[in-house]
Amino acid sequence: MKNNKLKIVIPIVAILAIIALVVGILVGRNVLIKNSEKAAIDKEAGFEDGKTATDYITLGKTSGFKYTITQKQFDESVREETDTTEDVDRPAQDGDIVEVKYTGYLDGKKEKDISAEGVSFTLGKDKSGAYKKISDAVLDKKTGDKFTVKLSAKETTEISTSKKVYKKGSELKGKVVSVGELKREKVTDKWVKETYGEEGLKTTKDFYGWIEHTLEDDAKTEIWTMCVKDAKMSSYPQKMYDDVVEEFNNDASYNADYYGYSLEEYLYDFSGYTKKTLEEAYIQETKSELVMWAIAEDQLFTITNKEIEDKYEELYEECGYDSVEAMKKDYKVSEIREAIYADKAEDYVYDNSTVTKAYKIPTK
């Protein structure tokens with residue numbers, strides 16, 4: 001019996017045209033979605049007049065950076081935890097931690113830029129330069145003793161708080177504030193548990209793991225600095241710059257209050273900024289923020305409600321609050337979201353770079 005059903009033959013060209021249409025629709029839909037997500041990020045960044053991060057900044061490398069964590073860095077991080085100083089009533093000797101204060105003089109006149117309060121150093125550690133001369137001057141002196149040091153122009157430049165280059169030598173007149181003997185704890189399970197038990201560390205393995213985590217955080221910061229340095233900033237939104245200055249100065253004011261300084265004293269005397277270097281710090285922080293938003297746009301980062309709650313949970317004690325609820329009264333969700341964007345951008349650059357661990361962890 002014959003099959004009278006007609007066979008419908010669709011030309012291959014028509015099939016390809018249908019496939020192209022479907023693909024075009026899907027691609028267009030994805031582009032619209034991406035553009036929508038990018039616009040949402042730009043809105044969160046606060047860009048105005050339809051601008052995006054790339055109108056202000058051109059990203060350089062965002063991956064492929066290399067960084068090495070050295071044995072010296074590892075050992076110093078351990079020593080920061082194990083070493084303490086005990087004040088002693090005897091003449092200073094090599095290996096002691098000595099604190100001094102001094103006033104610098106140029107041509108017999110006081111010079112604030114080369115004067116300092118509360119400078120500490122290890123006696124005998126410096127083999128040349130200004131601190132070698134200061135170290136030699138206070139050797140065998142006790143707390144309260146005075147000293148005088150003559151510095152060359154190069155050595156004067158070395159102690160300049162403003163990084164000023166001096167063409168003349170100087171004279172320092174100072175006083176020994178304290179002489180401390182170095183005490184170094186041996187890392188044992190017992191010491192770790194007694195010292196860091198409340199932080200959840202119980203064994204030497206826990207302690208060294210914590211040290212490694214700290215060094216990895218430092219590496220992440222250094223790699224991010226490389227990324228920001230590699231970018232080119234043509235301009236910046238004035239509001240973003242103003243916000244950076246306000247936040248920077250608010251943090252500085254908090255620290256100034258803690259140490260008993262005025263804001264200007266903390267910035268210029270304690271921290272060693274000049275008007276020029278302070279402005280450079282504001283600009284650098286603004287550039288860093290623009291790089292963050294540019295990477296967020298490029299990678300289309302998304303943030304979940306859980307991530308926001310987790311961030312509040314992570315930060316509330318660090319920020320001095322008794323609870324998440326108390327922190328939420330002062331910190332808006334938008335501020336937390338920005339912090340998460342920053343974390344994601346830094347993690348992206350770090351995860352796509354190479355960190356070499358060139359150190360050995362003690363086995364005993």
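Reply:
**The second largest pocket**

Seven nonpolar, nine polar and eleven charged residues make up the lining of the second largest pocket. (Nonpolar means Ala, Val, Leu, Ile, Met, Phe, Trp, Tyr, Cys and Pro; charged means Asp, Glu, Lys and Arg; polar means the others, Gly among them.) This is a predicted model, in which local features need pLDDT of at least 70 and side-chain atom pairs pLDDT 80 or more, while totals for chains, interfaces and linings use all residues. Residues are numbered from 1 along each chain as its sequence is written, and side-chain values use heavy atoms, without hydrogens or water.

The volume of this second largest pocket is about 670 Å³, where volume is the space filled by probe spheres set on grid points joined across faces, edges and corners. A pocket here is an open set of points on a 1 Å grid over the protein atoms alone, where a 1.4 Å probe fits and protein lies on both sides within 12 Å along at least five of seven lines; lining residues have an atom within 4 Å of a point. How many residues line the second largest pocket, and which lie nearest its centre? There are 27, with Lys112, Ser115, Ala116, Glu117 and Asp269 nearest the centre. Strand S4 (97-106), strand S5 (109-122), S7 and helix H8 (263-270) are the elements that each give two or more residues to this lining. (Helices, H or I of at least four residues, and strands, E of at least two, are DSSP runs numbered from the N terminus.) S5 gives the largest share, with nine residues.

Arg184 forms a salt bridge with Asp83, with 2.8 Å between the closest N and O atoms. Arg184 is partly exposed, at 47% relative accessibility. (Buried is under 20% relative accessible area, exposed over 50%, partly exposed in between, with a 1.4 Å probe and protein chains only.)

Why might such pairs form? Side chains of opposite charge can pair when their charged atoms come close. The whole structure holds 19 salt bridges.

One of them joins Glu44 and Arg337, whose closest N and O atoms are 2.6 Å apart. This pair links distant parts of the chain: Glu44 sits in helix H1 (residues 12-45) and Arg337 in helix H12 (residues 333-351), 293 residues apart. Arg337 is buried, at 19% relative accessible area, whereas Glu44 is partly exposed, at 31%.

Another pair is local. Asp136 and Lys132 meet in a salt bridge of 2.6 Å, N to O. Both lie in helix H3 (residues 130-138), four residues apart, about one turn of the helix. Asp136 is partly exposed, at 43% relative accessible area. Lys132 is also partly exposed, at 26%. Elsewhere, salt bridges with shared partners join Arg90, Asp96, Glu181 and Lys183 into one network.

H1 and H12 lead on to the largest pocket. Its volume is about 2200 Å³. Of its 49 lining residues, Glu247, Glu289, Glu335, Glu338 and Ala339 are the closest to its centre. At least two lining residues come from each of H1, helix H6 (204-230), helix H7 (238-259), helix H9 (275-299), helix H10 (305-315) and H12. H7 gives the most, with twelve. By class, this lining has 19 nonpolar, nine polar and 21 charged residues. H7 also holds Tyr259, which is partly exposed at 46% relative accessible area.

Two loops deserve a look. Most residues other than glycine have a negative phi. Asp49 is not a glycine, yet its phi is positive, about 60°. Asp49 lies in the loop between H1 and strand S1 (57-58) and is exposed, at 75% relative accessibility. Leu300, likewise not a glycine, has a positive phi of about 50°. Leu300 sits in the loop between H9 and H10.

Thr195 and Glu81 are 114 residues apart in sequence, but their C-alpha atoms are 9.7 Å apart. Thr195 belongs to helix H5 (residues 189-196) and is partly exposed, at 39% relative accessible area.

Key
Salt bridge = Lys/Arg side-chain N within 4 Å of Asp/Glu carboxyl O.
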